[in-house]
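Hi,

Here is the structure I promised to pass on to you. Could you load it next to this message and follow along?

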Amino acid sequence: MIRASNSLIKELKKQKRENCSLLFLDNLKIINDILKKGIVPKFIITSSSEVSFETDCPIYSADAKTIEQLSDSKTPQGVVCVVEYKLNMPEKPKTNFLVLDGVQDPGNAGTLVRTAVACGFEYVYFIESVHATNSKLVRSSVGTIFDCKIFEVSRNDFINMFKKWNLKLLKADMHGENIFNFKADSQIGVVVGNEGQGVSDEIAQICSQSVSIPMKNNVESLNASVSGSIIMYQISKEQF
């Protein structure tokens, strides 16, 4: 294992600030999972001589302080894996899909991506939402951002694509059909709106159907990631 040079560390710190296409993964499970998927990182830097990885990428050693500076975790695990992640060019979905309309909380977005992958929703459209490369989002997704196609688009661009591709959208609404009575008869996209404002008026207008989640004890709404997850699982339940 080669000691990381000062110039390399300095350049990585700069890239971490400026290059949104680089992910600085600091979770051992996520790192090992992406390596099993055949993803080759640019670098792995570790402060532990006991950590080993099966990969062809360069592996460098560094002190614990350097790892802390490159990591976003409050409790670093002694390793940082630098991976290039390029967003996909928008394309028509071939499966059910997820639409995040103004979702800003990276924890919610990451959880929704993870659920989408688990439910076979292999296409995820981020409409003016948190960036898919946000470190907290990546951790919340437990690395599943590598298992689906993610697109970052403007609201206008998505609406134009929606019309061109003749897509079908479903949103949660307190006056909608009970989700547990709903059955999708064709490919459909689930729309999850902003945590405070909900689905934007522009996107709501192009949703052909709406569903509600029944609740007891006068609870009016659920967390965005919880609502989206319930809806996706209900739509895909017959596939399990």
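Predicted model: local features only at pLDDT ≥ 70, side-chain atom pairs only at ≥ 80, totals over all residues.

Let me start with the strands. Strand E9 (residues 169-178) runs parallel to strand E10 (residues 189-193), and three bridges join them. Here leucine 169 sits opposite glycine 189 in E10. E9 is also joined to strand E11 (residues 209-212), again in parallel, by five bridges. On that side, lysine 171 has serine 210 of E11 as its bridge partner.

Next, the helices. The axes of H4 (residues 106-118) and H8 (residues 224-236) come within 9 Å and cross at roughly 10°. Angles under 35 degrees count as roughly parallel, so H4 and H8 are described that way. Among the residues that meet are Leu112 and Thr115 from H4, with Gly228 and Met232 from H8. The contact of H4 with H8 has six nonpolar, six polar and no charged residues.

The largest pocket holds about 660 Å³ of space. Of its 27 lining residues, Ala172, Asp173, Ser221, Leu222 and Ser227 are the closest to the centre. E9, E10, E11 and H8 each supply at least two residues of that lining, which divides into 13 nonpolar, 10 polar and four charged residues.

The second largest pocket has about 240 Å³. It is lined by 17 residues, with Leu22, Phe24, Asp72, Thr133 and Ser135 closest to its centre. Strand E2 gives the most to this lining, with four residues. By class, the lining has seven nonpolar, five polar and five charged residues.

Best wishes

Note on methods:
Residues numbered from 1 in each chain as written. Heavy atoms only, no water. Pairing = 2+ DSSP bridges. Axes fitted to C-alpha atoms, helices over the stretch in contact; angles between N-to-C directions. Parallel < 35°, antiparallel > 145°, perpendicular 65-115°, else oblique. Contact = heavy atoms within 4.5 Å. Nonpolar A, V, L, I, M, F, W, Y, C, P; charged D, E, K, R; others polar. 1 Å grid on protein atoms, 1.4 Å probe; cavity = no way out; pocket = protein on both sides within 12 Å on 5 of 7 lines; lining within 4 Å. Points joined across faces, edges and corners; volume = space filled by probe spheres on them.
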